[in-house]
Amino acid sequence: MSVPKLSMIVPAHNEEKSIQKTVSGILGKIRGSEVIVVCDGCTDRTFDEAKKVRGKAVVIAFNGRMGKGAAIAEGTGTATGRQCVSDRRLRASRALCGVD
């Protein structure tokens, strides 16, 4: 298994309806990337829905709500490629993440 060029960190809180589309979209647009979904105190099925996505996705869950900063820190510690953060408010793009 090769090391990914880019590790996309996706902090998530109760995103069961959109997480599959988010992860699949990243994997489809940025070839060779890994996606790290950090479920931050989710009380819905975000964790299960994220796990259903095929490809290089890692899903981590916090039992309690730690906040976006802690979720990003946890994802950074797990990442194996260069890190970039993506969420609804910070729409990650190839230019933002330095991807050609």
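Let's begin with the sheet: it is open, has four strands in the order E3-E2-E1-E4, and its pairing is parallel. Strands here are DSSP runs of E with at least two residues, helices are runs of H or I with at least four, and both are numbered from the N terminus. Two strands pair if DSSP finds at least two bridges between them. At the edges stand E3 (57-62) and E4 (82-85), each with a single partner strand, so one side of each has no neighbour in the sheet. From one strand to the next, the twist averages 20°; such angles run from 0 to 180 degrees between N-to-C directions, with axes fitted to C-alpha atoms, for helices over the stretch in contact.

A word on what you're looking at: this is a predicted model, where local features need pLDDT of at least 70 and side-chain atom pairs count only at pLDDT 80 or more, while totals for chains, interfaces and linings use all residues. Residues are numbered from 1 along each chain as its sequence is written, and side-chain values use heavy atoms, with hydrogens and water left out.

Now look at E1 (residues 6-12) and E2 (residues 33-40), which run parallel and are joined by seven bridges. Val10, for instance, has Val37 in E2 as its bridge partner.

Lying across E1, E2 and E3 is helix H1 (residues 19-29), which runs at about 160° to E2. Its residues Ile19, Val23, Ile26 and Leu27 are buried, meaning under 20% relative accessible area with a 1.4 Å probe and protein chains only (exposed is over 50%, partly exposed in between). Seen down the axis of H1, the buried residues fall within an arc of 95°, so they line one face of the helix; the arc is that of the directions from the helix axis to the C-beta atoms.

Val35 counts as buried, at 0% relative accessibility. Leaving aside neighbours within four places in sequence, its contacts (heavy atoms within 4.5 Å) include Met8, Val10, Val23, Ile26, Leu27 and Val58.

Over in helix H2 you'll find Thr46, also at 0% relative accessibility and counted as buried. The side chain of Thr46 reaches the backbone nitrogen of Glu15 at 2.7 Å. Beyond its neighbours within four places in sequence, Thr46 is in contact with residues including Ala12, Ile19 and Cys39.

Note on methods
Polar contact = N/O pair within 3.5 Å; in protein donor to acceptor, adjacent residues only side chain to side chain.
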